[in-house]
Amino acid sequence: MSLVEEYAEGEYERAPKRLKTAEVEEGEELEEGEDSDSASAGLLGDEEEEEEAARRPGGKSRARWSASKYGSGRKDNGDDTHRIAPSPVVHVRGLCESVVEADLVESLEKFGNICYVMMMPFKRQALVEFEDVESADRCVACGSKEAVYIAGQQAYFNYSTSKRITRPTNADDPNSGNKVLLLSIQNPLYPITTDVLYTVCNPIGNVLRIVIFKRNGIQAMVEFESVQNAQKAKAALNGADIYAGCCTLKIEYARPSRLNVIRNDNDSWDYTKPFLVRRERGKGRQRQAILGEHPSSYSDNGYGSHCPLLPLPSNNRFKRSSHEVPDVVAYPLPQTSSYIGHSSSSVAMVSGLHSTKMNCTRIFNLFCLYGNIEKVKFMKSVPGTALVEMGDEYAVDRAITHLNSIKVFSKRLNVCVSKQHAVIPSQVFELEDGSSSYKDFAMTRNNRFTSAGQASKNIIQPPSCVLHFYNVPPCITEDDLLRLCTEHDVPGFIKFKMFDAKPSSKTISGLLEFDSKTHAVEVLTVLNHYQIRIPNGSNPYTLKLCFSTSSHL
């Protein structure tokens, strides 16, 4: 059993669920029925809101259910404190983007001892568990009477229906900790390596070992020298972005109390044993991670100016002494040739393609979830193999991480970096389905990473059995979508969920659950960007699909 398999079968599957935030797009020209309201209507609530909504009539959210049951006489700050039984767990909302766990502790510890904090960064919310109900009472009461600021922005408070925040470890001791942290990296637009995580974590406390998993998204375990160092790191980094607008950290205590590392490379490193064999022999250790800024190729391709890593909290208790580390972690950008964490080409080679069911368009439908697609070309000399030119080498990294070895139409894909640096439209021929072996997608509106704003809204997800659909006309029903699957000879879904839409919204969105991940992949490959025409409509609606963070409905 490999190192990654050993941890993946244990800790990884017991990790807390990640925030259920659906993938949406911004920045593209609106099609008929596609507006800014509908683009954001697909955002799912956090785990607590989902659980609470399930208990209410019609599955309504807290605010909507409260208004329908008690009328509209709510306070201006959205407080609903008298409708939920007091609890030591407080639901905090209205947080700013840059807030971390330490900011909440600093602002709220005046109300009483805080046992635990769960960050929900994409929703700008958090759950805070106090030691007793009286402390929570003081927090909620104060928030209803006067403004309470967290990291310079007013926040709003309410009791949670939960009496305790679920921990992944040491459930019987609410104040327990561990020197090993479990990091979930949400929306990982850029490569995450041991170099990157070391440079993030080590300024706060000595890091001994790191192990990274890439089986279902990207997670990592980081072992510190002491429990105190781990506690400081969790407080300082929980909810922070490694890079501005992406690679957001959600941190919990892990189950293992020590990590076992058998080799030093990009996915695992034991800093107490520098002699462990490296996977890439002949290359020296590159301590200069890129954390200060985005990788340079993104800036070169119009992804905006460099943005620094968020500074550590202003209070000194979360930082090491000044002679050990600067206030803000910022390293110069390494040259592209010396950076170990990404591929050296923006062209991916894909083999194992079904000879009759795969073509250029279907490859685009699948690979566009991980980066812009420039060109796709099937190789005449190697049947079942295609070259995919993507926007940059980081997109190729993401595609390899999430699509290599998945099954599509009963064939297992092999995705790797090509030796070619561009796709040349030579030896064009006709595929078995009658379509061309070469297609240029550079100008298509269906590319999802054409601007920095648009790219940041794409939540990078591995294939799952649940698909998120959006930009669908309101007249389309569950039966219509099932019929669409049947007509295109792909598996039908077993569960269907429609999100609530604003009355003025011209489109709808929701979730589709399938029997297996393979079925969901095949449906996305075939039906992503399908043109839905409605009677008397001037322009068709483009059905858009992506993998959801939800594991089931």
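Biologist: Which residue in strand 8 is the bridge partner of Phe 213?

Modeller: Gln 219 is the bridge partner of Phe 213. Keep in mind that this is a predicted model.

Biologist: How many bridges join strand 7 and strand 8, and in what sense do they pair?

Modeller: There are six bridges, and the pairing is antiparallel. Strand 7 covers residues 207–213, and strand 8 covers residues 218–224.

Biologist: What sheet do they sit in, and what is the strand order?

Modeller: They belong to an open sheet of six strands. The order is 9-10-6-8-7-11, with antiparallel pairing.

Biologist: Which are the edge strands?

Modeller: Strand 9 (241–243) and strand 11 (268–270). Each of them pairs on one side only. From one strand to the next, the twist averages 25 degrees.

Biologist: Which strands does helix 7 lie across?

Modeller: Helix 7, residues 194–201, lies across strands 6, 7, 8, 9, 10 and 11. It runs at about 135 degrees to strand 7.

Biologist: And what does helix 8 touch?

Modeller: Helix 8 (residues 227–237) packs on the sheet and touches strand 6, strand 8 and strand 10. Its direction makes about 140 degrees with that of strand 10.

Biologist: Where does Cys 247 lie, and is it buried or exposed?

Modeller: Cys 247 lies in strand 10, residues 246–253. Cys 247 counts as buried because its relative accessible area is 0%, and the cut-off for buried is under 20%.

Biologist: What about Gln 427, what is its phi?

Modeller: Near 50 degrees, again positive in a residue other than glycine. Gln 427 is placed in the loop between strand 17 (414–417) and strand 18 (438–440).

Biologist: Why does Gln 427 count as exposed?

Modeller: Because its relative accessibility is 62%, and exposed means over 50%.

Biologist: Now the whole chain. How many helices and strands are there?

Modeller: The protein chain has 14 helices and 24 strands. Of its 553 residues, 55% are buried.

Biologist: What share of the contacts joins residues at least 24 apart?

Modeller: It is 73%, counting contacts between residues at least 6 apart in sequence.

Biologist: Last one. What does the accessible surface come to?

Modeller: About 23,700 Å² for the protein chain. Carbon and sulfur atoms account for 48% of that surface.

Methods:
Residues are numbered from 1 along each chain as its sequence is written. This is a predicted model: local features need pLDDT of at least 70, side-chain atom pairs count only at pLDDT 80 or more; totals for chains, interfaces and linings use all residues. Side-chain values use heavy atoms; hydrogens and water are left out. Helices (H or I, at least four residues) and strands (E, at least two) are DSSP runs, numbered from the N terminus. Buried means under 20% relative accessible area, exposed over 50%, partly exposed in between (1.4 Å probe, protein chains only). Contact means heavy atoms within 4.5 Å. Accessible areas come from the Shrake-Rupley method with a 1.4 Å probe; for residues, only the protein chains shown count as cover. Two strands pair if DSSP finds at least two bridges between them. Axes are lines fitted to C-alpha atoms, for helices over the stretch in contact, and angles run from 0 to 180 degrees between N-to-C directions.
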